[in-house]
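User: I am new to this structure and would like to learn how to read its features. Could you guide me through them step by step?

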Amino acid sequence: MSKQVFIRYVFWTLWFLVIPALAAVGIVRWCEGSPDSLGEIGNWVRDQNLPAGIVLFTLVEMTLYYFRHHLPLAAHSNLGGRAGLPPDMRRDYEAASHLLEEASRIIERRGKAIERELPRETRDKLKRTLETLQASLVGEPFDAQGFRSARERANLQVDQYLAPWRKSEAREYLESIGVAILIALALRAVVVEAFKIPSGSMLPTLQIDDHIFVNKFVYGPTVPFTRTRLFANLPPERGDVMVFEFPDTAPGEEAQDFIKRVIAIEGDTLEVDNGHPIINGWQVPSCPVGKYPYSDRDGPSSEFGDLFVEFLGDESYLTVYEESGFSGRQGPYKVKKGEAWVLGDNRHNSHDSRAWFNREGGGVPYALIQGRAMSVWFPWNRILTPVMGHPQIPKSKPAALTAAIEKCLQQRPAVTEPPGPLPSPARR
């Protein structure tokens, strides 16, 4: 790879990928930390940080592209599409190339309308002018004066003859922004959405203020603004960490998004003994790890809980039990058809299926499921940490806990699937 090609790659990667991405993330984080000063814009950015990030990335990139000729390394990146161009002619050369592309596109798409509106002599004149400009771009050696003259004539004639079919620069920018917004909304509605973890109910799997991506396609995408699900792949499986709308929302209140782990599916009978689930009379196996230092608030670790590895189906995951938490047995609960029952991994400090509907318990209807958690994308020290899969704790925690987790995983029980649903009691 030549030095010039290497500099070109560095220039485009730095200014049109890295810098816009860092700027978008930085602006989103700043908006999240300024809740009162930005009004509805700040609320939208905080609630929809992935679409907001895509739009901000596009705006920053478009701004940088407009000033690309003045950016560092621009002089060495062969901007303009031709080696040996004088620096003061790079922008004009690019503009001429874009003019030819635009004119060619208009003539191809609007050919019949142009034939009706323009006499043959005018069309031939325009064609010769564009061919002359094309020749001036590739001619050897480069004739700067001839290029300027050809570009000026082409500009005048395209403005004069093709004006009804041209887009203004402002319209092109607005269309680009509109496309970015539509792509962002489509991604959010159908493919992937970003969520922020506000509480410690899923410790230690998810930390407070973790930002995660959620796969909205895995259970079947929903049609925007409806609850209709396409290509449905339900029910969710035991062990899934899923995001859903809170099912116990009072009339008139705005629905909130919750994230919990699926423990029981339709037909199951669930009991919970001191936080440990029992499915159809079978206790989910777990392995004690040790004392886990944590805080269920945004701050340094100030409490300790008993850490376990729990095995359910194909999944192995971590659960923590506060030392001063609930003790006793809850249930039995019968999981209705079309629902899944969920628990938080922080078993003694989670507002989950056990506590809903005036503590009578309740499941998550399939229609309220939004997607399955994928991975953490912020903060940087936890980026790409998977939510499901190999269980792990933050690197700041004692190394002895990580070793104990690995030991538990090596001792995985032979049976991790619960038996089938218990038979209903006979009627008297």
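**Reading strands, cavity and backbone**

Analyst: Strand S5 (residues 269-273) pairs with S11 in the antiparallel sense, over four bridges. Within this pairing, Leu270 has Tyr333 of S11 as its bridge partner. Please bear in mind that the model is predicted.

User: How do the strands of a sheet pair, and in what order do the strands of the open sheet stand?

Analyst: In general, strands of a sheet pair through backbone hydrogen bonds, and the pairing is either parallel or antiparallel. Here four strands form an open sheet in the order S7-S6-S5-S11, with antiparallel pairing. Strand S7 (282-283) and strand S11 (329-334) are at the edges with a single partner strand each, so one side of each has no neighbour in the sheet.

User: Which strands pair with S4?

Analyst: Strand S3 (residues 241-245) runs antiparallel to S4 and is joined to it by five bridges. In that pair, Phe244 stands opposite Phe258 of S4. S4 also pairs with strand S12 (residues 339-343), again in the antiparallel sense, over four bridges. There, Arg261 stands opposite Leu343 in S12.

User: Why is S4 described as largely enclosed by the rest of the structure?

Analyst: The reasoning rests on burial, which means a relative accessible area under 20%. Eight of the nine residues of strand S4 (residues 257-265) are buried, so the strand is largely enclosed by the rest of the structure.

User: What share of the residues in the protein chain is buried, and how many helices and strands are there?

Analyst: Of the 428 residues in the protein chain, 45% are buried. The secondary structure comes to ten helices and 14 strands. Among contacts with a separation of 6 or more, 66% are between residues 24 or more positions apart.

User: Is Arg238 buried or exposed, and what does Arg238 touch?

Analyst: A residue is read first by its place, then by its accessible area, then by its contacts. Arg238 is in the loop between strand S2 (211-215) and S3. With a relative accessible area of 17%, Arg238 is buried. Its side chain is joined to that of Asp268 by a polar contact of 2.9 Å. Leaving aside residues up to four places away in sequence, Arg238 touches a set of residues that includes Val262, Ile263 and Ile265, as well as Leu312, Glu315 and Glu417.

User: How should I read Gly42?

Analyst: Gly42 is in helix H2 (residues 39-47). Its relative accessible area is 0%, so Gly42 is buried. Gly42 and Cys31 are eleven residues apart in sequence, and their C-alpha atoms are 5.5 Å apart in space.

User: How many cavities of 30 Å³ or more does the structure hold, and which residues are closest to the centre of the largest cavity?

Analyst: The structure holds one cavity of 30 Å³ or more. The volume of the largest cavity is about 100 Å³. It is lined by 14 residues, of which Thr205, Pro386, Val387, Pro391 and Gln392 are the closest to its centre. Strand S10 (residues 315-322) gives the most to this lining, with four residues. By type, the lining of the largest cavity divides into six nonpolar, six polar and two charged residues.

User: What is the phi of Asp209, and what is the phi of Phe357?

Analyst: Asp209 is not a glycine, although it has a positive phi of about 75°. Asp209 lies in the loop between S1 and S2 and is partly exposed, with a relative accessible area of 26%. Phe357, also a residue other than glycine, has a positive phi near 55°. Phe357 lies in helix H9 (residues 356-359) and is partly exposed, with a relative accessible area of 33%.

Technical notes: Residues numbered from 1 in each chain as written. Predicted model: local features only at pLDDT ≥ 70, side-chain atom pairs only at ≥ 80, totals over all residues. Heavy atoms only, no water. Buried < 20%, exposed > 50% of the residue type's maximum accessible area, 1.4 Å probe, protein only. Helix = DSSP H or I, 4+ residues; strand = E, 2+ residues; numbered from the N terminus. Pairing = 2+ DSSP bridges. 1 Å grid on protein atoms, 1.4 Å probe; cavity = no way out; pocket = protein on both sides within 12 Å on 5 of 7 lines; lining within 4 Å. Points joined across faces, edges and corners; volume = space filled by probe spheres on them. Nonpolar A, V, L, I, M, F, W, Y, C, P; charged D, E, K, R; others polar. Polar contact = N/O pair within 3.5 Å; in protein donor to acceptor, adjacent residues only side chain to side chain. Contact = heavy atoms within 4.5 Å.
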